[in-house]
Amino acid sequence: MVERFLRQTSFTSVEDYNNNLEFIIPEHFNFAYDVMDAWAEEKPEGLALLWTNDEGEEIRTTFAQLKEQTDQAASYLQSLGIGKGDPVMLILKRRYEWWLVMLALHKLGAVVIPATHMLTKHDIVYRNTRASVKAIICVEDAYVMKQIEAALPESPTVEVLVKVEDAAKTVNVETSAQFHSWQEEWLQAPAFVRPAEKNENSDTMLMYFTSGTSGEPKMVAHDFLYAMGHLTTGVFWHNLHEGSLHLTVADTGWGKAVWGKFYGQWFAGATVFVFDHEKFNADTLLRQMEKYKVTSFCAPPTIYRFMIREDLSRYDLSALEYCTTAGEALNPAVFDKFFEKTGIRMMEGFGQTETTMTLGTFPWMKPKPGSMGMPNAQYEIDLVRPDGTSCEDGEKGEIVIKAPTPSDTASLPARGTKGGLPLGLFKEYYRDEELTREAWHDGLYHTGDVAWRDEDGYYWFEGRIDDVIKSSGYRIGPFEVESALMTHPAVVECAITGVPDDIRGMVVKATIVLGKEWKDKAGDDLVKELQQHVKRVTAPYKYPRIVEFVDELPKTISGKIRRVEIRNKDAESK
């Protein structure tokens, strides 16, 4: 499959990858037809999806079966009036039907808007009105359906509601809203007829509302070639192949789901493994990996932190070949402990909702614990100073992607070809030209993330631009202090922020979640111990002069630490 879309399909070095990565861009590319249906012809009995849940249910689906089921789903959605360009919001947790509906909507040329089940009425109204949502397909869940019902009076564009039931459970949700029943209706739809009008590569295929660390969520619009942009994610970063069984820990409401549970993995012909669970538990997850012999695993560092607190010798992880991590910066202490316990080196990657993986540690590279790796060859990456000039090695700057500004793209070569937009970079912030211009101008997309590059070309994350602390003339990135603290056994999670100070301008504050066995030791002695620990691990001027112990850190609904909330709370207490 990969050879259909790449001139060269294997690489042995950084130079080889950088010089020879070249995509073959078909007209009217549609992942559902050109990849998934093609696999159904080439490898009909190949296992595409292995789904299980915390109640022991299991569904194994071949590529041929997946084609049949997604055709049926597409026909059903057509019968409800959903077609090309229609925005459809999905609130399906990790239910098996999410994979069917995603592919079905791609086949129809509709616009998919994945969303988390934690949305409130306000969140749903905002999304419905900003994106002119036409249909909502959701799990049959009392909380979710009640929030949708409450949002409807303020959501004039919503015409279709579908609830996806769990056949093994009886759920009676009393609601005045009229929901179609997936379980009762979808198999009754007629044979699927592929729409005569094909999608253009530039048509919007997918939109994500970014959770953000401040302000209302942004609508990130991706075109149909975004899916192809993830080929490098699955084939090269995850290092997948036919026969791989890959598990990515991510809820389907977040962009990481299509990074690790959809596009790139199926380009590689791998099997996507899904564990549908209500609450994360490291022991339960490890037992699933042991039982099903997972070969490839990807999770944010938080998950690895909980895993290494288990006695990993109790689990048979002998099938595990490869591990990757993204979503937040990886503390070297977590890398070292996981390697010590498993013999597997985690390969880090970096990207945003607006991109696919932009920086990564690939199989032909030696990982440097804590480094994001090197630029993915489908992007041209640089670090720039506030004046837009390029940084030297060792100098901190903003990560930017070199790309023509959206207003110039009409006269440019096709996306993914020389001179055009890179594959995987978003189209725009939907219906927000001002916000798009703020982030993307003068031929650069500004990520808002700060890093530095070492002499070997590896990039090291520092933090968001707004999170950098300026103290006594020093610029201190939150991540470098967090990394130092994370090497202390007492610390489970921490967030570093700046607090205004009359003498130093700002001082470093650490907000810390302690391990259970350390909570009764919270006090001045532990504060001093942690401060001295940071001084030993990193430059002494970076140590936190203020330390606060908390039960949990404020986070966005996607799990990102809201340092802005900590800063605002501190400002209000002054």
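Tutor: The structure holds 38 salt bridges, a salt bridge being a side-chain nitrogen of Lys or Arg within 4 Å of a carboxyl oxygen of Asp or Glu. This is a predicted model, in which local features need pLDDT of at least 70 and side-chain atom pairs count only at pLDDT 80 or more, while totals for chains, interfaces and linings use all residues. Residues are numbered from 1 along each chain as its sequence is written, and side-chain values use heavy atoms, with hydrogens and water left out.

Student: What makes K107 and D37 a salt bridge?

Tutor: The closest N and O atoms of K107 and D37 are 3.2 Å apart, and the definition asks for within 4 Å, so the pair counts as a salt bridge. K107 lies in helix α4 (residues 97-108) and D37 in helix α2 (residues 31-42), so the pair ties together parts that are 70 residues apart in sequence; helices here are DSSP runs of H or I with at least four residues, and strands are runs of E with at least two, numbered from the N terminus.

Student: Why is K107 called buried?

Tutor: Buried means under 20% relative accessible area, exposed means over 50%, and partly exposed lies in between, with a 1.4 Å probe and protein chains only. The relative accessibility of K107 is 3%, and therefore K107 counts as buried. D37 has a relative accessible area of 10%, so D37 is buried.

Student: Why are α16 and α17 called roughly perpendicular?

Tutor: Helices α16 and α17 (residues 524-537) pack at an angle of about 110°, with their axes 9 Å apart. Angles under 35 degrees count as roughly parallel, over 145 as roughly antiparallel, 65 to 115 as roughly perpendicular and the rest as oblique, and therefore α16 and α17 are roughly perpendicular to each other. The contact is made by V481, A484 and L485 of α16 and by L530, H533, V534 and V537 of α17.

How values were computed: Axes fitted to C-alpha atoms, helices over the stretch in contact; angles between N-to-C directions. Contact = heavy atoms within 4.5 Å.
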